[in-house]
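Q: Could you help me learn to read a ligand site and a helix pair? I have the sequence and the coordinates open.

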Amino acid sequence: MATFPFPFPQTTYRYSTNVEPGRAAVSTPAGQWGEAVVDIDSEYHHELAERARILAVDPSRYAVLPHMHVAAWDAALDLMRELALTHPDQCDLTLLERGARPTYRWRNDLLGIDHTFVLGDTDTLPPEHPEPLGWIAAQVQEDIVLLDQRDGVLYGDAGVVTFAADWSFGFDVGMTFLEIHGPVPRLHAEGVITRAHEFLKRLEPGEVYRRTNWTLTVGRRLDVSTELYPEWGPDREWVQTLDDEDFGRLVHLRVEVQHLIRLPESGAVMFLIRTYLLPLADLAGVEHWRLRTAEVLRELPDDMAEYKGIAKYRHRTADWLLAH
Ligand code: HEM
């Protein structure tokens, strides 16, 4: 709870190009969040095991189109540097040899990894992770999408996404940034997404920005991807039949902290999505969060509630928060 990224700075919520510089700490009534680009918390081992399980069952959650191999190495190296920055006691990246075959030693004590590899040479990666994006995705809780920029257009051409909130990475891979956002109401008409596109195209190497997104979800299931809709879709029906105690325990505010980073070598834009879940029962423990969330949920326009998949239980959620 102390590091929960509460997403409502205002009493009403509308879509906007809500980007801000990354790495800045944000104080909340419960603590603070935001300093780390790659955030490791108590769910680290659990979420990595969950990612491995999902990838084994459904390999379409991983894709690297052929022209994205440099970007995949770029992403792996960048994320190792981020891990080393925030966890210097457990993680370290050392350049052992410069030149045509840059050689690195990577240590991640959290997972017992101590491995030397040659940048760009997949034969030097651990046999269980023979390519860089899969290897690094097995070490961070964030989902990763890599966007290639060609002729003034961004394309989602690589990634590892196991915790999608009602979308499908396998379906979206190769699409443009604007096509990916096609299903979202208001974004195109209000110019939000073209502004975001222009902003992302101008990101400079090494720059880090972030934004938040949110929804409600039933239970602590991270993988609410379109692929598995038959498994979790019915939750939205039966959650309405729960008594108050179970409702407060099972309905969660689901928040994504999304980082946007221009990678230095490939020029790709790296999009990181880190998902946090807080049950209403805990959310209600912070007075400001309780009242603000209820206010936002009550006022949210119907088309946005419908798109987020919360139309059937958002008013009960608001009432629950006001009563507890
Ligand atoms: C959904 C905005 C960057 C992928 C959305 C939504 C908004 C949004 C408002 C609807 C969320 C909801 O109501 O729950 C933005 C803005 C961005 C940005 C302002 C940058 C400044 C990205 C990037 C990707 C991405 C870089 C990477 C490919 C998606 C996907 C969805 C989504 C897959 C779900 C679409 C669906 O329903 O199929 N975005 N986004 N977004 N965004 Fe973004």
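A: A polar contact is a pair of N or O atoms within 3.5 Å. This is a predicted model, where local features need pLDDT of at least 70 and side-chain atom pairs count only at pLDDT 80 or more, while totals for chains, interfaces and linings use all residues. Residues are numbered from 1 along each chain as its sequence is written, and side-chain values use heavy atoms, leaving out hydrogens and water.

Q: How far is an oxygen atom of the ligand from an N or O atom in the side chain of Tyr15?

A: That distance is 2.4 Å for Tyr15. The side chain of Tyr307 likewise has an N or O atom 2.4 Å from a ligand oxygen, and for Lys308 the value is 3.0 Å.

Q: How many residues surround the ligand?

A: A residue is near a molecule if one of its heavy atoms lies within 4 Å of it. Here 22 residues surround the ligand, and Trp167 and His181 are among the closest. By class, 16 are nonpolar (Ala, Val, Leu, Ile, Met, Phe, Trp, Tyr, Cys and Pro), three are charged (Asp, Glu, Lys and Arg) and three are polar (the others, Gly among them).

Q: At what angle do helices α11 and α13 pack?

A: Helices are DSSP runs (H or I, at least four residues), numbered from the N terminus. Angles run from 0 to 180 degrees between N-to-C directions, and axes are lines fitted to C-alpha atoms, for helices over the stretch in contact (heavy atoms within 4.5 Å). Helix α11 (residues 287–299) and helix α13 (residues 314–323) pack at about 155°, with axes 8 Å apart. Over 145 counts as roughly antiparallel, so α11 and α13 are roughly antiparallel to each other. Among the residues making the contact are Leu291 and Leu297 of α11 and Leu321 and Leu322 of α13.

Conventions:
Helices (H or I, at least four residues) and strands (E, at least two) are DSSP runs, numbered from the N terminus. Angles under 35 degrees count as roughly parallel, over 145 as roughly antiparallel, 65 to 115 as roughly perpendicular and the rest as oblique. A polar contact is a pair of N or O atoms within 3.5 Å; within protein, one must be able to donate a hydrogen and the other to accept it, and residues adjacent in sequence count only if both atoms are side-chain atoms.
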